[in-house]
Amino acid sequence: MDEMTQRTVYVNGEYVAERDARVSIFDRGFLLADGVYEVSSVLEGKLIDFPGHMGRLKRSAAELEMALPWDEKALLTIHRELIRRNALAEGMVYLQLTRGSAGDRDFGYPDTDTPPTLVLFTQAKSLVDSRSGSEGIRVVTQPDWRWARRDIKTVQLLYPAMAKMAAKAAGADDAWMVEDGMVTEGASNNAWMLTHDGTLVTRELSHAILPGITRAVVLEIAEALSLRVEERAFSVEEAQSAKECFVTSASSFVTPVIAIDDVSIGDGCPGEVARRLRAAYIEESRRRAI
């Protein structure tokens, strides 16, 4: 990347060119995946669902007994400054928080006064007019071999990356995780289906899945649209025979799923309800953006 396209990133209180960004080789995020993260989407230069993402960040840090010495106002200021410095109109801002570096590598947590590491960076991406949003995606199933606390948004993403690569090797776009025959979630999103009687189904919150911020907003929208919703687990076979399927996430909004393990969902095209929810989510996001 040449000098003209260098992003400005935030590292521990400083805004620097990405080529100059540094963290310690002894940082626990690097050595032990001892860190959490969030990603907030940006539309028209404004952040969407920001309070939800910061609330989840606070929860993730608390679950890991990790210091978070920045309040939501301070984090909003950093996000907005990065958006301004990078002239980001549409895309994402990633935030990563680690327990910091205490010198020698050790499994035990360092002293509580050890400064945490905070890094943020932007990533430009077309969110509203994406191909996957209009054409849908194909997914394959993979065994869910992740750890048991998937409700914490940690930086330990090796297995989801492996699942996505397996999907790519199979000619698909993404993976759905399966445990005991039931879908938990996508590799980086929450999974949904629409039954033939018009009921939206998505898995209930627990340690088994991430409490998606986009998922929560879509639940609100579904209620406003008088759609029936059930929060429960569902099997791969049930999803394959559903009227529609889709996923939700901060970086993909509402994205139709048109095939699971080469089995077409419905007529193999993006469904009406998924398209309706996507449009409503984008409209609501623009209204709420800060």
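W145 is exposed, at 66% relative accessible area; exposed means over 50%, buried under 20%, partly exposed in between, with a 1.4 Å probe and protein chains only. This is a predicted model: local features need pLDDT of at least 70, side-chain atom pairs count only at pLDDT 80 or more, and totals for chains, interfaces and linings use all residues. Residues are numbered from 1 along each chain as its sequence is written, and side-chain values use heavy atoms, with hydrogens and water left out.

Now the aromatics. There are six aromatic pairs. Rings of Phe, Tyr and Trp (its six-membered ring) pair if their centres lie within 6.5 Å; planes under 30 degrees apart are stacked, over 60 edge-to-face, the rest tilted. Y10 with Y15 is edge-to-face: 5.2 Å between centres, 70° between planes. Y10 is buried at 6%. Y15 is partly exposed at 25%. W145 and Y159 sit 6.0 Å apart, centre to centre, with planes at 40°, so that pair is tilted. W145 is in the loop between β7 and α5, Y159 in helix α5, so the pair ties together parts 14 residues apart in sequence. Y159 is buried, at 13%.

Next, the sheet. Helices (H or I, at least four residues) and strands (E, at least two) are DSSP runs, numbered from the N terminus. Strands pair if DSSP finds at least two bridges between them. Six strands make an open antiparallel sheet, ordered β2-β1-β6-β5-β3-β4. β2 and β4 are the edges, each with a single partner strand, so one side of each has no neighbour in the sheet. Back to Y10: its bridge partner in β6 is L120.

Salt bridges. The rule is a side-chain nitrogen of Lys or Arg within 4 Å of a carboxyl oxygen of Asp or Glu. The count is 26. Which residue does R56 meet in a salt bridge? E38, at 2.6 Å, N to O. R56 is in helix α2 and E38 in strand β3, 18 residues apart. Buried or exposed, R56 and E38? R56 is buried at 7%, and E38 is buried at 1%.

E44 bridges to R286 at 3.3 Å, N to O. E44 lies in the loop between β3 and β4, R286 in helix α8, so the pair ties together parts 242 residues apart in sequence. E44 is exposed at 59%; R286 is partly exposed at 42%.

Last one. R138 and D262 form a salt bridge, closest N and O atoms 3.6 Å apart. R138 is in strand β7, D262 in the loop between β14 and β15, so this pair ties together parts 124 residues apart in sequence.
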